[in-house]
Amino acid sequence: MLLIIPDVLDAEQLRQYRAALEAANWQDGRISAGHQAIQAKSNQQLAQDDPLVTQLGDFLLDCLSRHPRFMAAALPLKVVPPRFNRYTGGGQYGDHIDNAIFSVPGTAHRIRADLSATLFFSEPHEYDGGELVMQDRRIKLPAGHMVLYSSGCLHRVEPVTRGVRLASFFWVQSLVRQDDQRTVLLELDDSIQALRQQVPDSAELLRLTGIYHNLLRQWSQT
Ligand code: NI
């Protein structure tokens with residue numbers, strides 16, 4: 001699964017995030033890197049116990065919970081609290097695969113990463129480089145847009161050679177662990193939504209909606 005979700009934040013929300021992040025207390029991102037990642041990573045992050053991270057992260061999760069495209073695609077069961085990073089001056093993150101399991105700080109919760117997400121806060125023209133690269137795709141999105149991709153996928157962030165790239169990133173444990181099953185459900189849901197516009201009263205639409213829920217019942221784990 002590799003899906004772009006536009007307009008997670010609107011212009012006013014972006015302005016507030018940008019103002020907060022530009023004044024934030026950035027730290028060396030290698031503090032939070034695992035053994036494999038530490039050599040590949042040169043960026044800055046906000047400390048996970050920074051109150052700003054909780055504030056900005058909670059608001060973002062609230063926006064996402066009301067975003068139909070995100071909910072349909074990710075089918076989230078648990079979400080790792082969003083983190084924030086900053087790439088500048090040649091900062092990059094070389095090829096890696098994200099960790100499988102994340103702990104939620106201050107709790108006993110553990111979350112399996114099925115999907116990884118990156119939400120862009122900087123406009124593409126504000127920096128050179130900084131593309132998220134995977135499977136021959138080079139992803140550099142307008143501010144407020146998000147990419148959702150399989151956590152098992154090898155990826156990297158290209159060096160930022162001009163300007164500053166601000167982003168949020170987090171992981172989702174989906175109700176449906178298997179990527180191919182989740183993709184089938186999203187395609188079925190998209191078709192049902194389109195039919196609902198075209199033939200709202202059809203009996204087949206009712207049956208397809210039932211099939212969607214019965215597949216979700218078979219494939220989901222809570
Ligand atoms: Ni990564």
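**Sheet, nickel site and helix pair**

In this predicted model, an open sheet is formed by 5 strands in the order 3-7-15-12-13, and their pairing is antiparallel.

Q: What makes strand 3 and strand 13 the edge strands?
A: Strand 3 (41–42) and strand 13 (137–139) each pair on one side only, and they are the edge strands of the sheet.

Q: Why are His96, Asp98 and His155 called donors of the nickel ion?
A: A donor is an N, O or S atom within 2.8 Å of a metal such as this one, and NE2 of His96, OD of Asp98 and NE2 of His155 lie 2.1 Å from the nickel ion, so these atoms qualify. Along the chain the donors follow the spacing H-x1-D-x56-H. Because Asp98 lies in the loop between strand 7 and strand 8 (101–103) while His155 belongs to strand 15, this pair ties together parts that are 57 residues apart in sequence.

Q: Why do Asp98 and His155 count as buried?
A: Buried means a relative accessible area under 20%. Asp98 has a relative accessibility of 14% and therefore counts as buried, and His155, with 2%, is likewise buried.

Q: Why are helix 1 and helix 3 called roughly antiparallel?
A: The axes of helix 1 (residues 11–22) and helix 3 (residues 51–65) cross at roughly 160 degrees and come within 11 Å. Angles over 145 degrees count as roughly antiparallel, and the two helices are therefore described in that way.

Q: Which residues make the contact between helix 1 and helix 3?
A: Helix 1 passes helix 3 in a left-handed crossing, and the contact is made by Gln13, Tyr17, Ala20 and Leu21 of helix 1 together with Leu52, Leu56, Phe59, Leu60 and Cys63 of helix 3.

Note on methods. Residues numbered from 1 in each chain as written. Predicted model: local features only at pLDDT ≥ 70, side-chain atom pairs only at ≥ 80, totals over all residues. Heavy atoms only, no water. Pairing = 2+ DSSP bridges. Helix = DSSP H or I, 4+ residues; strand = E, 2+ residues; numbered from the N terminus. Donors = N, O, S within 2.8 Å, 3.2 Å for Na, K, Ca; no water. Buried < 20%, exposed > 50% of the residue type's maximum accessible area, 1.4 Å probe, protein only. Axes fitted to C-alpha atoms, helices over the stretch in contact; angles between N-to-C directions. Parallel < 35°, antiparallel > 145°, perpendicular 65-115°, else oblique. Left-handed = near helix turned anticlockwise from the far one by under 90°. Contact = heavy atoms within 4.5 Å.
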